[in-house]
Amino acid sequence: MANEMTSASSQSRVVVCSWGTSGGVEELLTLGRSVANGLGATFGWVVLGPAPHDVTEIASRHDVPIVDHLEEPNLQSFGGDVAVAALAAYAREHEFRVLLVPQTFDARVLAPRLAARIDAGVVMNGLGVAIEGGKIAVTASAFGGDTRVVYELGEGRFIVGVSTASLGAEAAQKPASAIIRHCPVDVASVSERVQVVTRSEAGGPRIEEADILVAGGRGLGDKANYRLVEELAAALGGMAAASRPIVDEGWAEPARQVGLTGKITRPQLYIAAGISGASQHMVGCAAAKTLVAINRDPDAAIFRYARYGIVGDCLEILPALTRAVKG
Amino acid sequence: MSLRIIVCAKEVLDPDAVNNYALEGKLVIGDDGKSLTQSSIPRLMNAYDEQAIEAALRIREAGTACTITVVSIGEGQDILKHAASLGIDEPVAIQADPATLDHHGVAKLLAAFVQSRGGADLVLCGRQASDDDQGVVPALLAEHLGLPVVTIARSVDVTSAGDGFGVRVVRVTPDGDETVAVAAPAIVTISNELGQARYPTMAGRMAARKKKITTVAAADLGVAADGLRPRVTLAKQFVPTVKSACEVIPGTADEAAAALIARLRAEQVLRNEPEPARARSKDSGA
């Protein structure tokens, strides 16, 4: 089967591209498989950088016959010069119609850079990909989540960035046995033009991975009241998060910001306190399994998205919730 | 030697007005099924691009001699007058209809413009446009020009380095701030963390009236019409429907809180015992 994957099948291959152990891969493989099926195309997966330890199992579960693994000691990030060069080299050897990338922070740079490098079209913020009358249609969010747009892809190759938070993962009906193919790429002559002087301090848990989030917004009224959010989060064994306005005000650290210009989260439980529910914020928490809204304004947009709501002052409700949890 | 800065700016529909209409359920999609047609929605400069201009002005104020050019695709746009009123040196309109271009086309025109000026030391762009949120043009432009790109900047500082310039950028990453260095020429995208962009002064407004907007025909940039044919086309636009199923829990703060926690436990969203106690007993048992 490996030998078939040459330029002969060029226009009919769908490939998922992921970086190391970045999240959302199984969701993207599920989507990629359905796109491949819709196009009658073969399906592949290319992993850049260190592969997940269970890469073979994941590939088998999603009916990916061959995983192409690109590993290179100089690879530092998904968006850097070496990564772009490595994938461009790969793309010259291996044809595809659509390359799907999970829309991580780095992928937002990688996807368009690679697209320009290999003369492919590019669409980001994808929420879904469908085949309509033989054409590929990408649904994406626009206007900070206020609208959805559907882009139609023309001829040639495309790179599509997909926000995986809203996708589900489902194993293939007929899992296959997968093999890992190591793909050498010659990027020895490429070095990063952008030098990192001071790295961000990654340490500690990340809100993207939290099961329970308690997020505070302007309704807190004052920086000192952010403590109430942190106390409830601690009582629930979760993490504190924040809306952009209060991060801009300096009430909470940027690493806690949820939304379009912050982080996309998908917790089991999201409690939004004093947050109005602007689309830009909802982009980052709409995938929560259960959303609870606390707001003084019964007409606040956040209630439209919530499963449960409490209309009231979050300065009273937050401590009451903390007491109720502690029992 | 003065630093040549080119800022790329886009005219967008005011996202706040779009947001208000969307929330009220009154956003109108035109007969073509994709355009937002309400004439009451103002057209203005993408706010991130305003912040890119602000970043350029701050570099000048920090002591680096600069020429600041602001370029936009389209004709008859007020955003270039706005740019002129902020004290930039030259506003430039590339004559082409942005509605007929995809992002590749936009990047090709901008790249051709930068090259027509003999290059730039620093190209500044907003991190994304607040209409389509795609954020791909700066990276496409970087590749077309063969330049490095640094995204999502909170601050940009320029220093003289030998006979050129060095650029130091503080980026806002998901893990916190990161400082990077790159040699000019380079492209940097500016994020809202840069802070509020300035408003034009009265003197700036007066001066802008006399400032002529340079117009450049797309054909004069040597970009073949063929190369501008879009590969990605907008087919549809709609307002997503939210299935509201919110159950409002009544009572005093304590009553509502207790009822909510009980409900979340019953649905096993939360465990059936106080969370810290569970964590403690597990830890001690292990």
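What is the mean pLDDT of chain A, and what share of its residues reach 70 or more? In this predicted model, the mean pLDDT of chain A is 91. Of its residues, 96% reach 70 or more. Residues 1-10 of chain A are an exception to that level, with pLDDT below 50. Beyond near neighbours in sequence, this stretch has 9 contacts in the model.

Chain A is assigned two domains: domain 1 covers 10-182 and domain 2 covers 207-326. Their centres, taken over C-alpha atoms, are separated by 32 Å. Contacts between them involve 7 residues of domain 1 and 9 residues of domain 2. On the domain 1 side, 5 of the touching residues are polar, 1 is nonpolar and 1 is charged.

The interface between the chains was examined next. Here, 71 residues of chain A are in contact with 68 residues of chain B. Helix H7 of chain B, residues 253-266, supplies the largest share of the chain B side, with 9 residues. By class, the side of chain B that touches chain A comprises 39 nonpolar, 16 polar and 13 charged residues.

Strand pairing also links the two chains. Strand S10 of chain A (residues 195-198) runs antiparallel to strand S9 of chain B (residues 176-183). The two strands are joined by 3 bridges. Within this pairing, A:Gln195 stands opposite B:Ala181 of S9(B).

Notes: Residues numbered from 1 in each chain as written. Chains lettered and ligands numbered in written order. Predicted model: local features only at pLDDT ≥ 70, side-chain atom pairs only at ≥ 80, totals over all residues. pLDDT = per-residue confidence, 0-100. Contact = placed C-beta atoms within 7 Å. Helix = DSSP H or I, 4+ residues; strand = E, 2+ residues; numbered from the N terminus. Nonpolar A, V, L, I, M, F, W, Y, C, P; charged D, E, K, R; others polar. Pairing = 2+ DSSP bridges. Domains from an automatic or database assignment.
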